[in-house]
Amino acid sequence: MPDTPDPPDAPTRPVRTEPPGAFAAKDPAGSSATAPDALRRALADARSPRVPALSPYAPEHPFPWSGPGLPLSGSGQERAEAAVAPGALPERATVGARADADPGSATTRTGTADAAPTGPDAPLDLARLLLLSLAAPAGTSGRLRPVPSAGALHPVRAHLLVGPGCSLPPGRYAYDPHAHRAHPRGPAPDGVPAGALLVLTVTASRTVAHYGHRAWPLLLLDTGHAAAALAQAGPPTADVQVCLDADGALLSAAAGLPRARTPQDEWQGADPELPLASVLFTSSGGSVPTIDPLSIWAARPRASASTPSPGAPMAQVGELAYTRRLLSFLAQGPARAAGTWHPAYRPKGVTEKALTARRSAPPDDLRRPPERELLARILTTARTASTAGLDWTVVTGGAAPALYAPGPGEPGLRLRAHGDARSTLAHWAARQRWIGATGAVLLAHGCPDDAPPAVVRLCHLAAGYAIGLAQAHATALGLRSRPIGSWQQADLGAALGEAPGRDWIVHGLALGAPPTEAATPPATRAETPLTTRTATAPATRTSPTRATRPTPHSTARTTAPPTPGATAGKNPPGEEERP
């Protein structure tokens, strides 16, 4: 999710009508025999070294939810009149024009929220919540936001399902991050509980244009990051819960979106939104609803919700149609449609200042190894926040490079293997050479080759969510960080001598101590190693006294470090990675 400048137009190559391993079932629910095989091929293709075809830069599509937008906070009388008298609403702000740009508003042009009322009876301030998470800073193009995104494309959108006790009247709304306003989309169901439920969707077209067959895992990771940003921005007086596995049809019904099975017809030419996750905010100590919140909102007829404005016809190239079908298939949750709600983990010390300061650091600022104690705390945050069966490892550089797993009990590090694996990580992560010199890398890994659809979806959403929380915690601890999203041939288990195909890197976070004036990065503190096997990940630079590590028998071609000729050129368009 790099915070990179807009790339120039690039020459195009012929686009495949259907990529290798095409998702055979047009209606995924209709073919249980071919869909799992197609998913395995999709995983293998996304993890393969095949480079996406070059495409021209795809501009952001216009916000599809027409009509005037409401300010997310302000006079209660003003909001009430706006909600009941649509004809009297102010004109919708244009893209890039912010409702918070005028003096005296609830938020300022600098992007910091003014002090809001606090306490158990204070309304949930949706303006502050979204300003600290998903909003595009005022006066900017919107590429750099508090939440990271692959290629700074920001495909995630939020639909606000608002009950009593919030800074907006109850109802459905679509959030415009450029104008920082909420567009009413219909009334709330009778008896809806207090609080706000946010349904997160993705629009796939721009990410597919940029990353091709590698786009669908990045869209899932982006959604997890957005869920983490929202969870961290919740006020201390709110209980926050996150659901990453609810059925896509239920999410669509709750948000009042067109059905996913016929997206292009019902979306009237607009970029279809595919729902993937949800975040719930309720007051601390409030009553727990007896029915899951998504089902309460889904009971409202779809006809009561507004539809997107017609857009220009969109070309249905094979890669894009394939990605949409695959995501719709992954979003199915027939075993437990309502999903599983988990209390959001919020690390201590993550303040509003840390959330607004959270940015992807330049690679040169990531060279100094962080202190082991800080790495242990961040690793604990990621493991605690993860809601899926992921494993976690920290790869360190310095004088005693090694791989560490979470330690038992209190935050700590357990030595997993000796050796410098950073050059191998650089090769696996789209050959980004800077990773070979970074201070440390936090890795989420798992998701075997034969994982069922629910596991594939949850592993990627949970990895994005946990890395998002880990990045916020790292910022609060004074560290620099940069997420790394696309991984090819990154079979970490096989590289460490385990069975191949069972333990793949899903997501990563590069970490570094703040840079200093020193010309040479300081070495990390040497530790007495525990008894462990030798790491099989190869290294480009080894100490004369360190034993040579064997190349793993099952992954010789996948773990070999890049040769100078392989990485001498600049990364081609489509290879920029997550910040």
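This is a predicted model: local features need pLDDT of at least 70, side-chain atom pairs count only at pLDDT 80 or more; totals for chains, interfaces and linings use all residues.
**Entry 1. Sheet order.** I began with the order of the strands. Eight strands make up an open sheet, which reads β1-β4-β3-β2-β5-β7-β6-β8, with antiparallel pairing. I then looked up the edges: β1 (70–71) and β8 (341–343) stand there, and each has a single partner strand, so one side of each lacks a neighbour in the sheet.

**Entry 2. β6 and β7.** I next examined the pairing of strand β6 (residues 238–243) with strand β7 (residues 274–283). These two strands are antiparallel and are joined over six bridges. Within the pair, I found D239 opposite T282 of β7. I also looked up helix α6 (residues 248–255), which packs on the sheet. The helix touches β2 (156–162), β3 (171–176), β4, β5 (196–202) and β7, and its direction makes about 60° with that of β7.

**Entry 3. Burial of β3.** Is β3 enclosed by the rest of the structure or left open? I recorded six of its six residues as buried, so β3 is largely enclosed by the rest of the structure. I then sorted its residues by direction. G171, Y173 and Y175 point one way, whereas R172, A174 and D176 point the other way, and all are buried. In a regular strand, side chains alternate between the two faces of the sheet.

**Entry 4. Neighbours of β3.** β2 and β3 run antiparallel and are joined by four bridges; here L161 stands opposite R172 of β3. β3 and β4 are likewise antiparallel, with five bridges between them. The hairpin of β3 and β4 has four residues between the strands, and in it H180 takes a positive phi near 55°.

**Entry 5. R181.** I noted R181 as the bridge partner of D176. Is R181 buried or exposed? Its relative accessibility is 14%, and because buried means under 20%, R181 counts as buried. I then looked up a contact of its side chain: a polar atom there lies 2.6 Å from the backbone oxygen of G69.

**Entry 6. Rings.** My search of the whole structure for aromatic pairs returned zero. I did find a charge over a ring: the charged end of R185 sits over the ring of W65, at 4.1 Å from the ring centre.

Methods:
Residues are numbered from 1 along each chain as its sequence is written. Side-chain values use heavy atoms; hydrogens and water are left out. Rings of Phe, Tyr and Trp (its six-membered ring) pair if their centres lie within 6.5 Å; planes under 30 degrees apart count as stacked, over 60 as edge-to-face and the rest as tilted. A charge sits over a ring if NZ of Lys or CZ of Arg is within 6 Å of the ring centre and within 35 degrees of the ring normal. Buried means under 20% relative accessible area, exposed over 50%, partly exposed in between (1.4 Å probe, protein chains only). A polar contact is a pair of N or O atoms within 3.5 Å; within protein, one must be able to donate a hydrogen and the other to accept it, and residues adjacent in sequence count only if both atoms are side-chain atoms. Two strands pair if DSSP finds at least two bridges between them. Contact means heavy atoms within 4.5 Å. Axes are lines fitted to C-alpha atoms, for helices over the stretch in contact, and angles run from 0 to 180 degrees between N-to-C directions.
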